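Trainee: Could you take a close look at the part where the domains come together, and then go on to the aromatic rings? I would like one connected account that I can follow with the model open beside me.

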Amino acid sequence: MKQLAKLAGLAALLGIAATPAAAQEKIKIGVLVTTSGPAAALGQQVRDGFALAVKDLGGRMAGRDVEIVNADDELKPDGAVVKVRGLLERDKVDFVVGPIFSNILLAIHRPVTDSKTFLISPNAGPSSYAGKECNPFFYVTSYQNDQVHEILGKVAQDRGYKRVYLLVPNYQAGRDSVAGFKLDYKGEITEESYTPLNTLDFQPELSKIAAQKPDALFTFMPGGMGVNLVKQYKQAGATVPVLSAFTVDESTLPAQQDAAVGMFGGANWAPNLDNPQSKKFVAAYEAAYSGVPGTYAMQAYDAALLIDSAVKAVKGDLSNKDAVAAALKKADFTSLRGNFKFNNNGYPIQDFYLTKVAKRPDGKFQTEIVEKVFSNYGDRYAKDCAAK
C-alpha cells in the first residue's frame, strides 16, 4: 500500500510538472499550397512570406517555438485532402494555412474545420464560405474572390468601355471573377470564354478578340496561365486594353517582363504602398528572396501576424477553441496593407486599388497603385452569415 501511495504521489507530481512543459510544446502550423507545376511561383510566395513573418517574430509566438510543416497540394483536390489529413493526423498541426486555389479550398475546408482545426486562407476566398456556410474555424487574410474583380468592373464602367471580352479559367474562382466583374459593369459582354484550368495556349481566344474588337479585355489567369497569355497577347500584336486580376503580378512578372508593362490589375495592396510596415516588409523580402513580393506573400505574412495575435491573446494556450476563435476575429495586429478588420464572416473589410505594371530603375518589375477604387469594403455575402 505504501508503494502504491508513493507511485500515486509521483504520478500526481508528474501530472503537475507536465502542465508547464506541455505549454512549451511547439506550435505547429501546416502550410498547404501549390509549389509544383505552372502555378508554383504563387505557392512559393506564400511560403516565403509566411516564413519571413515567423522569422521576424523570432520564431516564437507567446513564448512557444513555431514549427512550419510545408506540403504541396500539386493543384489536385483529391491529393490535397490526403496531404491535409497528414498534417492533421500525423503532424497534429494547430493551424492550417492555405491554399492558393479555390478548388483546393473546397476540397480541404471540411476535413480541416470538422477536426476543429483553424484554417487560415492567405489567398483563396470563394463565395461558398462567405455567406450561410461561414465557419468559426475559417478565416481569410486576402479577400472574397469577387471583390478584386469588382475593381475592374467598376473601372471599365467608369472609363466608358462599352464592349468587353471576358476570359477566365473554368473553376470556382473563375466563375466568381465573372460575377464580381459584372456587379458594376453594365455594358455589353461580347463573349465569356471559360478555358480548362492550366490552359497554356490561348490562340483560339486571341483570334476571337481580334475579330470582335472589344473596347477592353478582362481576364483572370493566375500563374503559368497568365505568363503564357500575356506573352501570346503581345506576340499577336493585340492593342486592346487589358484589365486583369492575378494575371500580371509579382508572381508572374519575372517571366512576363516587358510584355506586361502598362497592363492594369486589381489588388488590395502593391509593393509601392506608402506605409512604414509595408516598406519594411518589401525591403526584407527582397533581401531574403531576391524577388519582389506580391499580394500572395503579403497576405501570408499577415496570416502569420494574425495567428501570432491570437496565440498571444490566449497566452499560448490553444486548448480553448472559442477563445482562440474570438482572438482571431479581433485581428489585433498591424496589417501590411493598413486598413484591415474582419467582417462577421471571417473575410476582411479593406481598401482596394487599381494597379499598373511598371519597370523599376533597377530593372525589376512590379505593380504600382494607380488609384483607390473601394474604401473599407466588405463583401456582399456577409449579410447571410450568422455572426461567428
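**The domain contact and the aromatic pairs**

Mentor: Contact here means heavy atoms within 4.5 Å, and by that criterion 34 residues of domain 1 touch 28 residues of domain 2. The model is a predicted one, in which local features need pLDDT of at least 70 and side-chain atom pairs count only at pLDDT 80 or more, while totals for chains, interfaces and linings use all residues. Residues are numbered from 1 along each chain as its sequence is written, and side-chain values use heavy atoms, with hydrogens and water left out.

Two salt bridges are counted between domain 1 and domain 2, the term requiring a side-chain nitrogen of Lys or Arg within 4 Å of a carboxyl oxygen of Asp or Glu. E286 and R360 form a salt bridge through their side chains, at 2.9 Å from N to O.

Turning to the rings, those of Phe, Tyr and Trp (its six-membered ring) pair if their centres lie within 6.5 Å, and planes under 30 degrees apart count as stacked, over 60 as edge-to-face and the rest as tilted. This rule gives 20 aromatic pairs. One of them is the edge-to-face pair of F138 and Y347, 6.1 Å from centre to centre with 75° between the planes. Because F138 lies in strand β6 (residues 138-140) and Y347 in the loop between β12 (341-342) and β13 (348-359), this pair ties together parts that are 209 residues apart in sequence. Strands (E, at least two residues) are DSSP runs numbered from the N terminus. F138 and Y347 are both buried, where buried means under 20% relative accessible area, exposed over 50% and partly exposed in between (1.4 Å probe, protein chains only).

For F352 and Y377, the ring centres are 6.3 Å apart and the planes stand at 85°, so this pair too is edge-to-face. It links distant parts of the chain, with F352 in strand β13 and Y377 in strand β14 (residues 365-377), 25 residues apart. F352 is buried, its relative accessible area being 0%, whereas Y377, at 23%, is partly exposed.

Methods. Helices (H or I, at least four residues) and strands (E, at least two) are DSSP runs, numbered from the N terminus.
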